[in-house]
Amino acid sequence: MSESMRLSPAVRKAIVLLAGLLMLAFVNFGIFQREQLVTHGRIILLKLSPVDPRSLLQGDYMRLNFEAADQAFPARRRFANDQRRGDGHIVVAVDGHGVGRFRRIGDGAPLAPGEVALRYRMRGGQPHFGTNAYFFEEGQAAAYEKAAYGEFRVGDDGEAILTGLRDARGVRLGRSR
């Protein structure tokens, strides 16, 4: 590089500072979006099937599997190494109690009244709605044994965040998040 094309130390510092500020803005915008979803997202309950209540490396947690996912992607249609099925949406019908039940795979068709599209991501051949695990404080497993529903906050775009677990009557379990 020629002498005239070299950047001065002040210009290099300014570039590094600007890049750092842009990175910080990007990260904070993502956090802001998630906070907005938790605050303003629609509450939807999905019937769950607890799988494994404990991880030796991660502490107490409950692996989650959702009935809607089982209905949308029956075991015979799940392929651990199949990359053909990408991320997408499922459509659930939401009843008067806020419980979503699988209706169909999202195909871009308009939603009917009472329907909500939920974004899923395929990981290891399994669909995930926000997460596939719920972590809780060590020694609190008994408080979550009666979990029947995952409580999600869902945005207009179908993004979902798991915000809690509820029992069969719809009562929130454990501490509020």
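**Salt bridges and buried spots**

User: What is the relative accessible area of Arg104?
Analyst: Arg104 has a relative accessible area of 21%, so it counts as partly exposed. That label is for values between buried (under 20%) and exposed (over 50%), with a 1.4 Å probe and protein chains only. This is a predicted model, where local features need pLDDT of at least 70 and side-chain atom pairs 80 or more, while totals for chains, interfaces and linings use all residues. Numbering starts from 1 along each chain as its sequence is written, and side-chain values use heavy atoms, without hydrogens or water.

User: Which residue forms a salt bridge with Arg104?
Analyst: Glu115 does, with the closest N and O atoms 2.9 Å apart. The pair connects distant parts of the chain, Glu115 in strand β6 and Arg104 in strand β5, eleven residues apart. A salt bridge here is a Lys or Arg side-chain nitrogen within 4 Å of a carboxyl oxygen of Asp or Glu. Strands (E, at least two residues) and helices (H or I, at least four) are DSSP runs numbered from the N terminus.

User: And what about Arg103 and Glu115, how far apart are N and O there?
Analyst: They are 2.8 Å apart, in a salt bridge between the side chains of Arg103 and Glu115. This pair also links distant parts of the chain: Arg103 belongs to strand β5 (residues 99–105) and Glu115 to strand β6 (residues 115–123), twelve residues apart.

User: Buried or exposed, which is Glu115?
Analyst: Buried, because the relative accessible area of Glu115 is 8%. Arg103 is partly exposed at 47%.

User: How many salt bridges are there in total?
Analyst: The count comes to nine.

User: OK, what does Arg119 pair with?
Analyst: Glu159, in a salt bridge with 3.0 Å from N to O. Arg119 sits in strand β6 and Glu159 in the loop between β9 and β10 (160–166), so the pair ties together parts that are 40 residues apart in sequence.

User: How accessible are those two, Arg119 and Glu159?
Analyst: Arg119 is partly exposed, at 22% relative accessibility. Glu159 is at 16%, so it counts as buried.

User: Switching topic. Where is Arg153, and what is its nearest side chain of opposite charge?
Analyst: Arg153 is in strand β9 (residues 149–154). Arg153 is buried with no salt bridge, and the nearest side chain of opposite charge is Glu151, 5.1 Å away. Charge here means Lys and Arg positive, Asp and Glu negative, leaving out His and the chain ends.

User: Which backbone oxygen does its side chain reach?
Analyst: The Arg153 side chain reaches the backbone oxygen of Gly41, at 2.9 Å. Contact means heavy atoms within 4.5 Å.

User: Now Ala68. Where is it, and what does it touch?
Analyst: Ala68 is in helix α2 (residues 67–72). Not counting residues up to four places away in sequence, Ala68 touches Leu46, Ile90, Val92 and Phe102. With a relative accessible area of 4%, Ala68 is buried.

User: Last one: what about Tyr61, which strand is it in?
Analyst: Tyr61 is in strand β3 (residues 59–66). Its relative accessible area is 8%, so Tyr61 is buried. C-alpha to C-alpha, Tyr61 and Tyr144 are 9.4 Å apart in space and 83 residues apart in sequence.

How values were computed. Polar contact = N/O pair within 3.5 Å; in protein donor to acceptor, adjacent residues only side chain to side chain.
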